[in-house]
Amino acid sequence: MITLEMMPPLMFGGLIIAMLIGYPVAFTLAAVGLSFGFLSISLGFFDLNFLQAIPGRIFASVLSNELLLAIPFFTFMGAILERCGLAEDMLDSMGQLFGPIRGGLGYSVIIVGFILGAITGTVAAQVIAMALISMPVMIRYGYNIRYITGVLAASGTITQLVPPSLVLIVLADQLGKSVGDMYLGAWGPSVFQILLFAGYTFLLGIFKPSHVPAVPIEARTLTGWALWKKCLLGIIPSAVLIFVVLGTMMMGLATPTEAGAMGAVGAMVLAAIHHKDFSSNGQKILIVGVITAGIGTIMAMLFTEANIIFKICFAITYVAVAWICIEAVRISDLRDLIRQGYETTMRITCMVTFILIGSTCFSVVFLGVSGGTWLEHLLTSLPGGVWGFLIFINLFIFFLAFFLDFFEIAFIILPMIAPIAQKILAPVVGPDAALIWFGVMLCVNMQTSFLHPPFGFALFYLRGVAPKEVKSSDIYWGAMPWIGLQAIMVALVIAFPVVVTGLLDKPLDVDLNKVKIEVPQIELPPLEFAPQPKE
């Protein structure tokens with residue numbers, strides 16, 4: 001006879017077996033959840049009315065969730081920027097800028113990976129784009145093949161942690177925290193991760209200089225102002241787009257959905273101005289739009305209320321942006337690129353929605369059979385207290401990532417363990433920052449899921465575009481040092497929570513017992529209830 005206490009572990013076991021069959025995760029979740037739901041009804045654990053919570057939660061948490069509207073915008077932005085030529089220009093200019101020093105091409109890949117991560121947010125696009133561009137060049141100049149494969153795969157996965165990562169948006173939604181706070185918490189670890197990558201390259205240049213040689217002088221085609229100009233033409237537009245997306249969100253000027261919409265439009269503008277067929281009239285209109293945007297920004301800083309000059313300047317800027325978007329549609333290559341961006345956005349958005357619906361079916365039934373209580377008892381009874389909980393969860397997520405995508409981990413596991421993490425971690429960093437710290441920690445951890453053999457998706461992407469002379473063993477062994485660096489980053493985030501919480505707003509320490517509300521006394525004229533004499 002199946003008891004109520006047996007149901008939660010049976011649901012987990014059934015889910016693992018069903019997913020090993022290879023059927024799509026979204027439908028597997030729904031099927032397992034509903035199957036155990038009807039089994040629970042037949043065993044008398046709850047009645048049929050309990051399952052009415054499933055459509056209610058799907059409507060409230062999925063279909064009516066405004067935060068999830070940001071996912072299509074950021075996906076479209078990444079799909080456009082991955083193929084518009086921006087990565088090629090930045091890698092070429094950065095490679096020539098850092099070429100004279102040992103490991104220069106490695107530094108350029110790491111820096112460009114960081115910048116592209118802040119404007120694309122998609123691992124597959126970044127790994128493939130940088131591998132196609134940089135791998136032949138690095139092989140030509142004698143870089144160690146395992147260093148090449150490792151740095152390309154690792155620099156591509158950093159996009160998962162650098163805002164505006166899709167992973168952070170999903171984590172914020174599932175943990176019930178704001179996207180802006182999740183982005184602020186991720187900046188520290190993402191910068192430290194880049195420093196670790198650069199430090200490893202620097203040490204290789206000292207102890208194994210043959211692995212990361214300098215680029216020969218004759219191969220440097222650009223020098224002086226021409227080189228700096230090409231670098232700035234790639235960095236400045238990217239920095240503007242990063243500010244438009246992230247700056248407006250963190251300053252409270254835009255919601256994540258509004259910032260994503262501006263990023264999508266900005267991606268089309270960047271794609272247009274980087275195309276060789278961008279017209280001279282479009283370039284003039286671009287300059288006018290930039291100047292008027294600058295004037296309008298200065299007016300907004302000088303005057304608290306919007307004046308007529310501010311409105312006119314930004315009206316001109318909007319017209320300029322619309323004109324450039326029309327130019328993008330006019331160019332046939334970009335028109336096809338935009339269509340491909342729409343298709344990619346549709347596929348990813350549908351996948352996310354169906355996984356969310358399936359995970360809702362599973363989680364409602366799981367909670368109905370007291371799965372939350374079972375899981376809380378299991379995790380709170382671990383030895384080591386807070387640190388034992390963190391070590392266990394990180395190891396669990398690490399091994400789970402061998403088989404599941406981050407979307408699946410976020411939608412299946414996080415809703416179950418988030419309340420427990422809040423309860424356990426709040427005494428360490430405070431109740432407001434607990435889930436931000438936990439979410440960023442898991443995000444750093446899930447980066448390794450793209451790298452560790454044999455199922456790392458970044459390694460699959462790299463294998464698909466690498467030349468035939470690059471062996472699969474070189475790709476796998478090349479990833480090992482970078483997995484170690486990311487594991488060090490996980491340990492740093494666990495040991496030093498301030499890396500995540502340092503940029504967050506400090507909660508107000510207010511003693512509610514000492515709060516006084518003083519209402520000024522207003523002297524009112526006396527009320528006259530006597531009847532008024534007739535005139």
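The model is predicted, so local features need pLDDT of at least 70 and side-chain atom pairs count only at pLDDT 80 or more, while totals for chains, interfaces and linings use all residues. Residues are numbered from 1 along each chain as its sequence is written.

Start at Phe 59. This residue is found in helix α3, residues 53-63. Helices are DSSP runs of H or I with at least four residues, numbered from the N terminus. Phe 59 counts as exposed because its relative accessibility is 54%; exposed means over 50%, with a 1.4 Å probe and protein chains only. Phe 59 and Ile 357 lie 298 residues apart in sequence, yet 9.4 Å apart in space, C-alpha to C-alpha.

Now turn to empty space. Rolling a probe the size of a water molecule over the atoms shows where it is left. The largest pocket holds about 1,700 Å³. Its lining has 47 residues, and the closest to its centre are Val 240, Val 244, Val 290, Ala 293 and Thr 317. A pocket is an open set of points on a 1 Å grid where a 1.4 Å probe fits, with protein on both sides within 12 Å along at least five of seven lines; lining residues have an atom within 4 Å of a point. Helix α11 gives the most to this lining, with 13 residues.

Two helices that line this pocket are α12 (256-273) and α14 (308-330). Their axes, lines fitted to C-alpha atoms over the stretch in contact, come within 9 Å and cross at roughly 60°.

Methods:
Side-chain values use heavy atoms; hydrogens and water are left out. Buried means under 20% relative accessible area, exposed over 50%, partly exposed in between (1.4 Å probe, protein chains only). Grid points are joined across faces, edges and corners, and a volume is the space filled by probe spheres set on the points. Axes are lines fitted to C-alpha atoms, for helices over the stretch in contact, and angles run from 0 to 180 degrees between N-to-C directions.
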